[in-house]
Amino acid sequence: MTTLDLARRNANAAPILGARAEAEPWTPPAPSLAGLTRARLMESLGEAGVPERQLKMRSAQINHWVHNRGAAEFGHMTNVSKDLRALLAERFTLARPEIVTEQISVDGTRKWLLRLPPAGRHDRGAEVETVYIPEEGRGTLCVSSQVGCTLTCSFCHTGTQTMVRNLTAAEIVGQLLVARDRLGDWSEGASEDGRLVTNIVFMGMGEPLYNLDAVRDAIEVIADGEGLGLGRRRITVSTSGVVPQMKRLGEETGAQLAISLHAVRDDLRDVLVPINKKHPIAELMEACRTYPGASNARRITFEYVMLKGINDSPAEARELVRLLKGVPAKINLIPFNPWPGTDYECSDWETIERFSEIVFRAGYASPVRTPRGRDIAAACGQLKSETKRLRAKERIALEAAE
Ligand code: SAH
Ligand code: SF4
């Protein structure tokens with residue numbers, strides 16, 4: 001493992017939990033245009049005084065420069081007038097989330113810890129993780145949608161971190177911009193040929209369907225053919241089973257769906273994925289059957305974490321196959337990735353093979369997900385940042401100091 005500690009760019013950055021006693025005036029940082037939807041770009045340019053009749057054209061130009069060419073400075077935008085470039089530079093930045101650390105696994109997986117700019121007076125900036133997984137002929141970027149998670153799946157490290165806040169759409173897109181920057185993955189055209197990041201999965205920190213508006217806007221930016229240009233079929237959103245939002249996800253994003261199933265009986269799923277108590281398996285499966293756009297060509301992925309002695313018996317494999325009847329499905333068996341403090345263990349390899357064989361015979365191919373980046377804690381369910389929510393007491397202390 002090599003760890004490249006990119007010394008915090010801003011040496012004076014306030015500590016995350018900096019409950020500072022003395023009153024300090026807080027000036028919000030200049031807003032960044034990077035990662036914004038075209039509608040938000042138009043709004044920002046309008047507020048900066050760009051004439052109404054130019055808004056559409058200017059936002060298209062900026063979208064192209066920033067999201068297709070990777071411009072990080074207004075000075076590079078050669079088809080934008082000098083005056084406008086100066087105005088933009090005065091009011092805005094093209095800043096991406098700040099890279100705190102970059103780790104590279106022996107298998108080529110990369111993980112970035114990113115610092116997001118403060119979202120308000122009492123927010124000192126939150127941290128999230130993003131993982132890039134290179135594979136033969138493709139590269140997948142695993143993005144986070146929340147800092148922490150409100151849910152508490154018992155086998156997931158993120159679930160032990162309290163929910164801090166939702167990410168904005170720009171902060172979600174920002175994770176892809178950082179990856180492209182660091183991988184040198186900007187190309188001249190919108191073509192996907194030769195790109196390193198070819199797929200996006202919302203499988204990092206957080207439950208994407210509890211932040212659907214931002215996820216939808218982020219997908220709009222990522223899928224824009226004149227911008228980042230990643231097809232919607234290459235974007236997968238994974239949910240623990242927020243049933244009431246699944247239809248909207250399909251209708252408004254056209255993204256591929258993945259379901260964190262992990263158990264075939266409600267009594268066990270209630271423990272592993274507690275949202276099951278609200279939306280049990282039958283309800284979840286019904287929402288899958290009616291997911292907009294699902295077909296044999298566009299199957300729903302069912303994720304199933306292999307936990308030793310918990311959910312890995314041959315009977316459960318057969319029940320899984322039975323459960324998925326009538327649903328256009330793929331199965332992804334995920335060997336459990338351990339993290340400090342967990343009581344769960346990964347199933348033995350023979351057990352995983354036996355389970356996989358039953359699923360395979362029922363017509364589901366190649367289902368075991370190879371763990372990637374375990375040496376840098378970048379594998380599924382290992383992500384967690386140190387960001388904590390300010391406790392009520394700390395918030396009151398801060399307010400009193402003003
Ligand atoms: N919140 C969403 C997306 C993030 S988790 C969801 O739950 O679907 C991405 C996948 O990793 C989920 O299937 C999750 O259940 C799985 N996972 C969580 N912890 C894991 C661990 N320790 N080992 C293997 N997979 C894990
Ligand atoms: Fe949240 Fe997904 Fe982890 Fe469950 S598995 S705690 S929903 S991130």
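Reader: What makes β9, β11 and β12 part of the account of ligand 1?

Author: β9 (235–239), β11 (300–306) and β12 (329–335) each supply at least two residues of the shell around ligand 1. Strands here are DSSP runs of E with at least two residues, helices are runs of H or I with at least four, and both are numbered from the N terminus. The model is predicted, so that local features need pLDDT of at least 70 and side-chain atom pairs pLDDT 80 or more, whereas totals for chains, interfaces and linings use all residues. Residues are numbered from 1 along each chain as its sequence is written, chains are lettered from A and ligands numbered from 1 in the order in which they are written, and side-chain values use heavy atoms, without hydrogens and water.

Reader: Which residues come nearest to ligand 1, and how is the shell divided by class?

Author: A residue is near a molecule if one of its heavy atoms lies within 4 Å of it. Of the 22 residues around ligand 1, G206, S238, S260, H262 and N337 come nearest. The shell has 11 nonpolar, nine polar and two charged residues. Ala, Val, Leu, Ile, Met, Phe, Trp, Tyr, Cys and Pro count as nonpolar, Asp, Glu, Lys and Arg as charged, and the others, Gly among them, as polar.

Reader: What makes the approaches of G206, S238 and S260 to ligand 1 polar contacts?

Author: A polar contact is a pair of N or O atoms within 3.5 Å; within protein, one must be able to donate a hydrogen and the other to accept it, and residues adjacent in sequence count only if both atoms are side-chain atoms. A backbone N or O atom of G206 is 2.8 Å from a nitrogen atom of ligand 1. Polar side-chain atoms of S238 and S260 each lie 2.6 Å from an oxygen atom of ligand 1. These distances are within 3.5 Å, and the pairs therefore qualify. Taken alone, ligand 1 exposes 530 Å², of which the protein buries 96%; the areas come from the Shrake-Rupley method with a 1.4 Å probe.

Reader: Why is K111 called buried?

Author: Buried means under 20% relative accessible area, exposed over 50%, and partly exposed in between, with a 1.4 Å probe and protein chains only. K111 has 5% relative accessibility and therefore counts as buried. K111 is found in strand β3 (residues 110–115). Its side chain reaches the backbone oxygen of A377 at 2.9 Å, and a polar atom of that side chain lies 2.8 Å from the backbone oxygen of I376.
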